[in-house]
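Please look over the sequence and the structure before reading on. The numbered points below are meant to be followed with both in view.

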Amino acid sequence: MKTRQTLVACTLAITSLAVSAHQYALGKLTIVHPHALATVAGQSMGGVFMTIENAGEGDALVQVSSAIVPRAALHSMAMDQGIMRMREIARIEIPAKSTVELKQQAGAHIMLEGLKAPLVAGQTFPMKLKFEKAGEIAIDVHIEALDAHSHAE
Ligand SMILES: [Cu+2]
């Protein structure tokens with residue numbers, strides 16, 4: 001019985017560690033909690049979001065790719081005559097000593113184009129990010145349920 005309790009405690013500790021450790025360091029950049037929203041069958045586009053903390057000089061996210069789609073792009077979102085529109089952009093600026101949020105509904109995000117299968121909540125997929133100065137990094141993106149962030153909005 002005692003052994004069993006110890007095992008449960010260890011499992012919990014490992015789980016919480018994995019969640020809090022879902023971030024990546026690349027030079028002075030820290031990529032925090034990269035995640036995508038689950039998609040439904042037939043949906044070919046999916047958004048990827050994250051927070052990028054920059055403790056150093058200015059940089060820029062210039063290229064993104066993932067093995068699960070033929071193409072991934074950088075998008076901005078802005079109001080145009082009362083309608084929120086997405087537009088492809090060449091780069092996302094990461095100013096010196098700043099925190100840039102790629103988030104839903106405003107600002108910039110990464111768009112997966114040509115999804116062959118739905119993104120399923122609870123799963124992960126690999127992505128590569130390329131920064132102009134810091135270089136490339138491979139990350140795992142966590143897929144979250146559609147309503148996971150609705151309370152924060
Ligand atoms: Cu988009």
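1. Start at the hairpin: strands β10 and β11 form one, with three residues between them. Strands and helices are DSSP runs, numbered from the N terminus (strands are E, at least two residues; helices are H or I, at least four). β10 covers residues 124-131 and runs antiparallel to β11, with eight bridges joining them. Within this pair, F125 stands opposite V141 in β11.

2. Some ground rules apply. This is a predicted model, in which local features need pLDDT of at least 70 and side-chain atom pairs count only at pLDDT 80 or more, while totals for chains, interfaces and linings use all residues. Residues are numbered from 1 along each chain as its sequence is written.

3. β11 has a further partner. Strand β2 (residues 29-37) pairs with β11 (residues 135-144) in the parallel sense, over three bridges; strands count as paired if DSSP finds at least two bridges between them. In this pairing L37 stands opposite E144 of β11.

4. β10 also has a further partner. Strand β4 (residues 59-65) runs antiparallel to β10, and four bridges join the two. Q63 stands opposite K130 in β10.

5. Where does A90 lie? A90 is found in the loop between β6 (83-89) and β7 (92-94). A90 counts as exposed because it has 9 C-beta neighbours inside 10 Å. The classes are set by other C-beta atoms within 10 Å of a residue's own, placed from the backbone: 20 or more is buried, 12 or fewer is exposed, and anything in between is partly exposed. A90 and Q63 are 27 residues apart in sequence, and their C-alpha atoms are 8.2 Å apart in space.

6. For the protein chain as a whole, there are one helix and 11 strands. Along the sequence the pattern is α-β-β-β-β-β-β-β-β-β-β-β. Of its 153 residues, 22% count as buried. Among contacts between residues at least 6 apart in sequence, 66% join residues at least 24 apart; a contact means that two C-beta atoms, placed from the backbone, lie within 7 Å.

7. On confidence, the mean pLDDT of the protein chain is 87, and 82% of its residues reach 70 or more. pLDDT is the predictor's confidence in each residue, from 0 to 100. Where pLDDT is low, the predicted coordinates should not be read in detail.
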